[in-house]
Structure formats: C-alpha cells, structure tokens
Amino acid sequence: MSDYYEILGINKNASIQEIKQAFRNLAQKYHPDKKGGNAEKFREINEAYQTLSDAEKRKMYDQYGPAFNQAQAKGGFSGFDNFRDWASWAEAMKENGNKFDFGDFGFGNLGDLFENIFSRDEDSSFRGFRKKTKSPFQKQGKDIEIELAIDFREAVFGTEKEIKLEKYVKCDDCAGLGTEPGTKFNICPQCGGRGQILTSQNTFFGTFQTSSICPECRGQGKIPEKKCKKCQGKGRIKNLSKIKIKIPAGIGQGQTIKFFQQGEAGESGAISGDLYVTVLIRTDPEFIRQGNDIFSQKEISISQAILGDKIEIKTIDGFLKLKIPPGTSSGQSFKLKNKGIIYLSSFKNKIKERGDHIVKIKIKIPKNLTKKQKKLLEELKQEGL
Ligand SMILES: [Zn+2]
Ligand SMILES: [Zn+2]
C-alpha cells in the first residue's frame with residue numbers, strides 16, 4: 001500500500017479543500033463504472049480520502065502511518081472496537097519503547113526500511129514483541145517466512161525482487177467480508193453479537209466463568225446473511241501472489257526484512273500476517289565481504305613492488321588508482337577508505353557512511369623469462385639484489 005498523500009497526489013500540508021479537489025478529480029477518472037476506470041485504484045483513492053478528509057484520522061495517520069488506515073479499512077485493528085482503542089494501544093506500544101514499526105515497508109522510504117531489518121541474533125527479542133501485535137479475538141493471517149538468495153552486487157547496491165508466494169489473499173468479490181455482495185450481516189445468534197461466549201463451570205471451590213471466542217462467528221459478533229460464493233464466507237482465498245519487495249543497499253548476510261502485512265490474509269477481513277524475508281548473499285569471485293568492508297587481492301610484478309607504481313584496483317565503484325610505494329612486499333595490504341559497503345543505519349542518519357576496501361598485494365614471480373630478462377636479473381644479482 002502506498003502513502004495516502006501520494007495516492008491523492010498532494011503534499012503533506014494540503015488543505016482540506018485541496019484534498020477534496022484531488023479526490024474529486026481522481027475519483028472521476030478512475031470510477032469503475034467509467035470507461036478506463038479502475039476498481040482497485042478507485043478503492044485506494046477512496047480509502048485515502050476517507051482518512052485524510054477526517055481531521056482526527058488524518059492526525060493519527062500522520063503520526064502512525066499506514067498501519068492505522070489498514071486497521072480502519074478492516075473495521076478495527078484486530079479486535080479493537082474503534083480506532084480510539086487502537087490509538088491508545090499504539091500509544092502504549094510507544095511508551096513501552098517497543099520498536100514496532102507502522103511503516104509500510106514495500107514502498108516506504110529507506111528510513112522505515114531500516115527499522116524493519118534485523119539480524120538473526122536479535123531475532124529472539126524481535127519475535128517477542130511481534131507476538132504483541134497479535135490479537136486473540138480474530139483469526140489473523142499467518143506470518144510467512146522465506147529465504148531469498150541474491151547476488152553480492154545486489155546486496156551492495158540494493159535491489160528490487162519479485163517473489164511468488166502461494167498464500168491466502170483477501171477475497172476481492174466480498175472485499176474480505178465474507179458476505180455475498182449485496183447481502184448484509186446478521187447478529188450472531190450464539191453470542192448475541194458479543195463475539196465471546198461465557199461458560200460456567202461448577203467446581204468444589206465454586207462457580208468459575210470463562211470467556212472464549214465464539215466459534216460460530218469466530219469472534220466477529222456477526223455472521224453473513226449469505227456467504228460469499230467465491231470464498232465460502234471465509235473472506236480469503238488461496239492464490240499465487242506476486243509481491244515486489246525492495247532490498248536496501250548494504251543488507252547483510254542472514255539479515256531479515258519484515259514486510260508489514262504481506263503475509264497471509266486473515267479470515268473475515270482480519271489483519272494480515274507479516275512477511276519475513278531472510279536474505280542470503282551469494283559469494284563473489286573477486287570480492288570478499290566482511291561486515292561492511294570489502295577485501296580483494298591484486299597481483300603486481302617484481303619491478304612494481306621494488307620501484308613502486310600507480311596501479312588500478314577494481315572496486316564496487318569501478319576502477320580506482322592506488323599508489324604502491326617502493327619496497328612493497330607480498331601480502332602487504334592497502335586501504336581504500338570509504339570504498340566499502342554502505343551501512344544500513346546511515347540511511348537513517350542521512351550521511352552515507354561506508355566501510356573500506358582493503359587490497360592485499362601479491363607479487364607475481366615470473367616462471368618463463370626471456371633471454372634479456374634473465375641477463376638483466378643476473379646483473380642485478382651481481383649488484384647484490
Ligand atoms: Zn468472498
Ligand atoms: Zn458469535
């Protein structure tokens with residue numbers, strides 16, 4: 001999902017008049033009943049307008065990003081009755097110092113991107129707070145975890161990949177609601193709309209009441225009058241989906257990127273799971289990566305080593321000149337400062353910090369000498385070299 005302001009083609013300070021105008025123009029253009037209309041686009045525009053035209057919702061959106069609107073679109077953030085509940089929950093999350101990120105990662109900016117990347121060693125704590133985003137009240141979509149192999153250069157410069165996943169997606173016939181289009185919901189007869197049922201248990205110590213999710217409506221409190229034919233009322237269907245993901249420059253071996261709500265769709269419009277992509281980087285024939293530094297080897301001749309020279313070094317930026325001082329020995333290393341891989345964190349600081357490129361020199365010992373070379377070396381030998 002893109003940014004609402006982007007969808008409407010307005011800037012963040014747009015006035016309510018500008019928002020209305022932008023919506024009117026776009027809605028006319030993309031209305032599905034029109035020739036050349038686009039239902040998906042229209043839905044997006046409408047969703048963006050619903051949020052930005054409401055001062056309070058807009059404020060929430062500005063503060064918390066797209067997760068807020070997704071919650072709205074699905075009729076509550078996985079079990080929260082209204083967005084005020086959701087907001088206080090979000091506020092509490094913030095106060096707890098949790099790094100929960102509301103940013104939409106696939107198309108978000110790189111600052112958001114960074115927040116969503118973590119290494120395996122941080123994994124356990126990460127998983128800890130991931131659980132907090134789950135609600136027991138609705139059948140959320142499952143998270144999907146995959147591994148993705150990319151080339152060395154793709155990791156260095158960043159890349160965009162299209163991945164294919166067989167997963168549950170929202171049923172577009174009923175927009176995930178599970179009702180046959182044109183029909184309505186009825187209050188669940190089993191729980192009377194509460195979504196939960198109380199059961200009493202008589203024990204030696206007295207009567208205990210426990211509440212559990214209503215199995216009839218799965219905690220929704222309402223059931224479709226007529227179930228959607230396409231999804232049998234589940235609100236989701238299995239589908240082969242293509243997902244475009246952005247991998248930032250500087251991603252490290254084994255790091256995992258979280259793509260917010262790109263996992264499986266939930267039942268009955270419940271919130272989707274997240275997609276976790278662990279990046280595996282293929283080795284390169286010329287460069288070795290260690291953290292954000294790059295190592296390579298360069299062969300030079302005996303005379304270059306003795307007399308010194310200016311040589312060309314292949315780096316990720318292309319060929320660069322390096323001055324080799326006279327008397328360089330085999331195995332000696334030279335550092336090309338800031339010619340290594342960009343630090344992911346530097347996107348956040350807006351100063352692009354990079355690692356270094358370290359070149360290890362290897363002196364080539366010639367095997368087959370010409371007559372002249374042999375003669376010259378004999379002379380050098382006489383000179384004590
Ligand atoms: Zn459906
Ligand atoms: Zn029920």
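This is a predicted model: local features need pLDDT of at least 70, side-chain atom pairs count only at pLDDT 80 or more; totals for chains, interfaces and linings use all residues.

Visitor: Are α2 and α3 roughly parallel or antiparallel to each other?

Guide: The axes of α2, residues 16-30, and α3, residues 39-52, come within 9 Å and cross at roughly 165°, and the crossing is left-handed. Angles over 145 degrees count as roughly antiparallel. The relation of α2 and α3 is therefore roughly antiparallel.

Visitor: Which strands stand at the edges of the open sheet of four strands?

Guide: The order in this sheet, whose pairing is mixed, is β11-β12-β16-β15. A strand with a single partner has one side left without a neighbour in the sheet, so the edges are formed by β11 (288-290) and β15 (333-336).

Visitor: What is the bridge partner of K298 in β16?

Guide: Strand β12 covers residues 293-300 and strand β16 covers residues 357-363, and the two pair in the parallel sense over seven bridges. Within β16, the bridge partner of K298 is I361.

Visitor: What share of the contacts with a separation of 6 or more comes from residues 24 or more positions apart?

Guide: The chain has 12 helices and 16 strands, and buried residues make up 29% of its 385 residues. Among contacts with a separation of 6 or more, the share from residues 24 or more positions apart is 64%.

Technical notes:
Residues are numbered from 1 along each chain as its sequence is written. Chains are lettered from A and ligands numbered from 1 in the order in which they are written. A residue is buried if 20 or more other C-beta atoms lie within 10 Å of its own, exposed if 12 or fewer, and partly exposed in between; C-beta atoms are placed from the backbone. Two residues are in contact if their C-beta atoms, placed from the backbone, lie within 7 Å. Two strands pair if DSSP finds at least two bridges between them. Axes are lines fitted to C-alpha atoms, for helices over the stretch in contact, and angles run from 0 to 180 degrees between N-to-C directions. Angles under 35 degrees count as roughly parallel, over 145 as roughly antiparallel, 65 to 115 as roughly perpendicular and the rest as oblique. A crossing is left-handed if the near helix is turned anticlockwise from the far one by less than a right angle, and right-handed if clockwise.
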